[in-house]
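Good morning, everyone; I would like to walk through one part of a model this morning, going helix by helix. Please have the sequence and the structure open as we go.

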Amino acid sequence: MKSHFFLSNKLRRYFLCKKNRIVRRIFFQAGRVAAVCLLFICMTTLCGCGKNTQGDIGAQGDTGVQGDADAPDHAGTQNHVNEEIMAGESREFSEKPVIVCTLFPQYDFARTVFGSQAKVVMLLSPGMESHMYDPTPEDMVTISEADAFIYTGDEMEPWAAQIVESLDGVTILDLSEHVNLQMEDEEGHDHEDEHHHHGEHEHSYDPHFWLDMDNAVAMLDAIEKLALDMGIENADLVTDAAKTYREKLTALDEAYFDALEGADHRDIVFAGRFAYGYFVHRYDLSYETVYHSCSAEADPSVSDMTRVIDYIKEHGTKVIFYEELSNASVAKTIAADTGVQIRMLSTAHNVTKTEFEAGITFYDIMKNNLEVVKEALGVGQ
């Protein structure tokens, strides 16, 4: 009688949900987990854009050059997913839809748009370098039990591209289908190829499209449409939240253009793995970089270091940039030889645990980026 009463209560709570979602096959959960685990074994050799990044990967602190304060915990990097979706009650009977996102930009947009009307979780643990991420079997189950799965695209998350077709009852949002994409050639220098998506060309596209503010807004729009199509109860809250964030991003984009009009020069130098193609294209910046892509698998060569050092001395460069969640070792080496200042320019793939817990947003990251770019280009000095 006790077990029957327990089951009835859970079923009653389920049918009280305001959204009529597809009933999960609870009694076949063990079979599902086994199937997903088998799929994971097949997919485990796949990786995102440039998996092997040992050469310059480290940990990030809060300000200045990163140290070890927020070092990624690679032994248990996925635990926060469970903590978010399982807090206090079973996922199967949650009254709110669960939205699973891969990287920080879409996570930030989704939590803003859905607000308290959904549980939005990020697969990538705060503090983890995105190119080192591989989904665990637990992650696969989390995705399979979500109401919606938002991912960057086939180039950034090839493992996701392999599983989406097999997901039953999960709404899929591939953001690469909603933005303008740039091709990435062998030298790492990008050129624009608008609306040229992954199924329509032979070469890889640059998957870091959120660093173009037009694309960031397009991502926000796509997530807003997803929420409305899912029948979220208070649609006005969804549209109001999206409108407010859209206006902030648009205003920040204008602030970039206004600030850079007064720049002493328009060339910037990178010492980290290069994922800024959309950013430099958006704001018409020239650049020199040690690495020519985010997928560099080893330390730079002596010739690469020499080339960048010569460039800095020739152009009188004052600042050299490195990416977030990096130990900045290459930047430090170049700075020691040239006397330039070291600054972090975030690609916003992910944030540190401290930043995550403090509620940092994509807008905050890009606003901080504007300040360090202004410093590098001599704006207001």
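Let me begin with helix α8, residues 235-260, which has 26 residues and reaches 38 Å from its first C-alpha to its last, close to the 38 Å expected at 1.5 Å a residue, where the expected span is 1.5 Å times one less than the number of residues. The model is predicted, so local features need pLDDT of at least 70 and side-chain atom pairs count only at pLDDT 80 or more, while totals for chains, interfaces and linings use all residues. Residues are numbered from 1 along each chain as its sequence is written, and side-chain values use heavy atoms, with hydrogens and water left out. Helices here are DSSP runs of H or I, at least four residues, numbered from the N terminus.

The buried residues of α8 include Val 238, Ala 242, Tyr 245, Leu 249 and Asp 253, buried meaning under 20% relative accessible area with a 1.4 Å probe, protein chains only. Among the elements that cover the buried residues of α8 are α4, α7, α9 (277-282) and α13 (362-376), with contact taken as heavy atoms within 4.5 Å.

Turning to the pairings, α7 and α8 pack at an angle of about 180°, with their axes 10 Å apart; the axes are lines fitted to C-alpha atoms, for helices over the stretch in contact, and angles run from 0 to 180 degrees between N-to-C directions. The two helices, α7 and α8, are therefore roughly antiparallel to each other, a label for angles over 145 degrees. By class, the contact of α7 with α8 has 13 nonpolar, two polar and five charged residues; Ala, Val, Leu, Ile, Met, Phe, Trp, Tyr, Cys and Pro count as nonpolar, Asp, Glu, Lys and Arg as charged, and the others, Gly among them, as polar.

Helix α4 (residues 104-114) packs with α7 (residues 213-229) at about 45°, their axes 9 Å apart, and α4 and α7 are therefore oblique to each other. The contact of α4 with α7 divides into 11 nonpolar residues, one polar and one charged.

Finally, is Glu 224 buried or exposed? Glu 224 lies in helix α7, and at 13% relative accessibility it counts as buried. Glu 224 touches Val 113, Val 238, Thr 239, Ala 242 and Arg 246, leaving aside residues up to four places away in sequence. The C-alpha atoms of Glu 224 and Val 113 are separated by 6.1 Å, although the two residues are 111 residues apart along the chain.

Terms used. Parallel < 35°, antiparallel > 145°, perpendicular 65-115°, else oblique. Buried < 20%, exposed > 50% of the residue type's maximum accessible area, 1.4 Å probe, protein only.
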